[in-house]
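Work through the exercises below with the structure in view. Each task is followed by a solution in steps.

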Amino acid sequence: MLTASIPIVHRHASHAHIHPRTVLTAFAVTLLAAGAELAGSWSGRSLFLVADAVHLIAHLGIFGVLLIPTVRWHERGEDMATIVVLTVVFMIAIGIMAASIRHMVGTSDVPPDPGFMLLSLLGLGANMTTAYLFKKPAETRWSFRAALAHELSDGAITLAGLAGALAIKLFAWYWVDPSLSLVIGFWLGAWSARLLGRRIRVGRGVWTVDENH
Ligand SMILES: [Zn+2]
């Protein structure tokens with residue numbers, strides 16, 4: 001008799017109730033990780049770490065868009081905000097790629113300290129925390145699902161970065177550092193370009209299509 005009163009399901013309302021705290025927590029954790037990585041990249045001279053930190057800062061822009069109340073997604077302003085953020089992310093990606101190539105062809109003055117590259121574990125922690133936080137909203141929102149998939153893919157880059165740090169430590173392969181930042185730039189550029197392309201193909205409804213599926 002008692003148990004009958006427990007399950008209260010408001011399924012129809014679920015998509016409208018993504019608490020801003022979820023996104024704000026992801027924002028705060030990501031901001032902290034980006035700050036720590038930037039600070040570390042100064043001493044560690046790792047372009048990979050700089051790219052990883054800038055990449056995390058790009059996430060903050062995405063979180064800003066995700067904070068826009070979901071009920072207003074059909075409005076032009078929110079759509080524009082998403083397009084602007086994705087375009088900025090794309091330009092950041094181009095910047096990271098350009099800096100990486102410059103470092104690869106130029107003469108390296110001071111080699112990176114691979115120990116500092118371990119700071120990317122903070123970024124990994126922030127990404128995994130975000131993935132966990134977005135698991136629930138991703139069930140109903142395409143935008144959160146896209147962000148969740150992105151965060152998980154980022155984990156693979158961090159693992160590559162850690163393997164690269166080991167290679168630098170063991171074999172003094174300093175070219176690995178700008179190569180890794182090039183991978184980050186490429187991944188970020190391909191991701192934002194793919195979403196912008198999808199927006200162009202599908203139209204303004206692209207950010208909410210999931211509710212029908
Ligand atoms: Zn990312």
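**Exercise 1. Aromatic rings**

Task: Find which residues ring pairs link into a cluster, and classify the pairs that involve Trp 173.

Solution. This is a predicted model. Step 1: Phe 63, Phe 134 and Phe 144 are linked into a cluster by ring pairs.

Step 2: Over the whole structure, a search gives four aromatic pairs. In one of them, Phe 171 and Trp 173, the ring centres lie 4.7 Å apart and the planes stand at 35 degrees, so this pair is tilted. Planes have to be under 30 degrees apart to count as stacked.

Step 3: Trp 173 also pairs with Trp 175, at 5.6 Å centre to centre and with 25 degrees between the planes, and that pair is stacked.

Step 4: Now take the accessibility of these residues. Phe 171 has 48% relative accessibility and is partly exposed. Trp 173 is likewise partly exposed, at 38%. Trp 175 has a relative accessible area of 51% and counts as exposed, because the limit for that class is over 50%.

**Exercise 2. The zinc site**

Task: Which protein donors does the zinc ion have, and what is the geometry of the site?

Solution. Step 1: The donors are His 55 (NE2), His 59 (NE2), His 150 (NE2) and Asp 154 (OD), at 1.9 to 2.0 Å from the zinc ion.

Step 2: The angles among the four donor atoms run from 93 to 126 degrees. Four donors count as tetrahedral if all angles lie between 85 and 135 degrees, so the zinc site is tetrahedral. For comparison, the ideal angle for four tetrahedral donors is 109.5 degrees.

Step 3: Along the chain, the donors have the spacing H-x3-H-x90-H-x3-D. His 55 belongs to helix 2 (residues 47–66) and His 150 to helix 5 (residues 142–171), so this pair ties together parts 95 residues apart in sequence. Both His 55 and His 150 are buried.

**Exercise 3. Cavities**

Task: How many cavities of 30 Å³ or more does the structure hold, and what lines the largest cavity and the second largest cavity?

Solution. Step 1: There are three cavities of 30 Å³ or more. The largest cavity holds about 140 Å³ of space.

Step 2: The largest cavity is lined by 14 residues, and the closest to its centre are Ile 62, Leu 66, Thr 82, Ser 143 and Leu 195. Two or more lining residues come from each of helix 2, helix 3 (76–105), helix 5 and helix 6 (176–202). Helix 5 gives the most, with four residues.

Step 3: By type, the lining of the largest cavity has 12 nonpolar residues, two polar and no charged.

Step 4: The second largest cavity has about 40 Å³ of space. Its lining consists of Asp 52, His 55, Leu 56, Gly 123, Asn 127, Asp 154, Ile 157 and Thr 158. His 55 and Asp 154 in this lining are also donors of the zinc ion.

Step 5: The lining of the second largest cavity divides into two nonpolar, four polar and two charged residues.

**Exercise 4. Positive phi**

Task: Where do Arg 45 and Ala 172 lie, and what is the phi of each?

Solution. Step 1: Most residues other than glycine have a negative phi.

Step 2: Arg 45 has a positive phi, near 50 degrees. Arg 45 lies in the loop between helix 1 (20–44) and helix 2, and is partly exposed at 38%.

Step 3: Ala 172 has a positive phi of about 55 degrees. Ala 172 is located in the loop between helix 5 and helix 6, and counts as partly exposed at 40% relative accessibility.

Methods: Residues are numbered from 1 along each chain as its sequence is written. This is a predicted model: local features need pLDDT of at least 70, side-chain atom pairs count only at pLDDT 80 or more; totals for chains, interfaces and linings use all residues. Side-chain values use heavy atoms; hydrogens and water are left out. Rings of Phe, Tyr and Trp (its six-membered ring) pair if their centres lie within 6.5 Å; planes under 30 degrees apart count as stacked, over 60 as edge-to-face and the rest as tilted. Buried means under 20% relative accessible area, exposed over 50%, partly exposed in between (1.4 Å probe, protein chains only). Donors are N, O and S atoms within 2.8 Å of the metal (3.2 Å for Na, K and Ca); water is not among the atoms, so sites may look incomplete. Four donors count as tetrahedral if all angles lie between 85 and 135 degrees; four count as square planar and six as octahedral if opposite donors are over 155 degrees apart and all others between 65 and 115; anything else is irregular. On a 1 Å grid over the protein atoms alone, a cavity is a set of points where a 1.4 Å probe fits but cannot get out, and a pocket is an open set with protein on both sides within 12 Å along at least five of seven lines; lining residues have an atom within 4 Å of a point. Grid points are joined across faces, edges and corners, and a volume is the space filled by probe spheres set on the points. Ala, Val, Leu, Ile, Met, Phe, Trp, Tyr, Cys and Pro count as nonpolar, Asp, Glu, Lys and Arg as charged, and the others, Gly among them, as polar.
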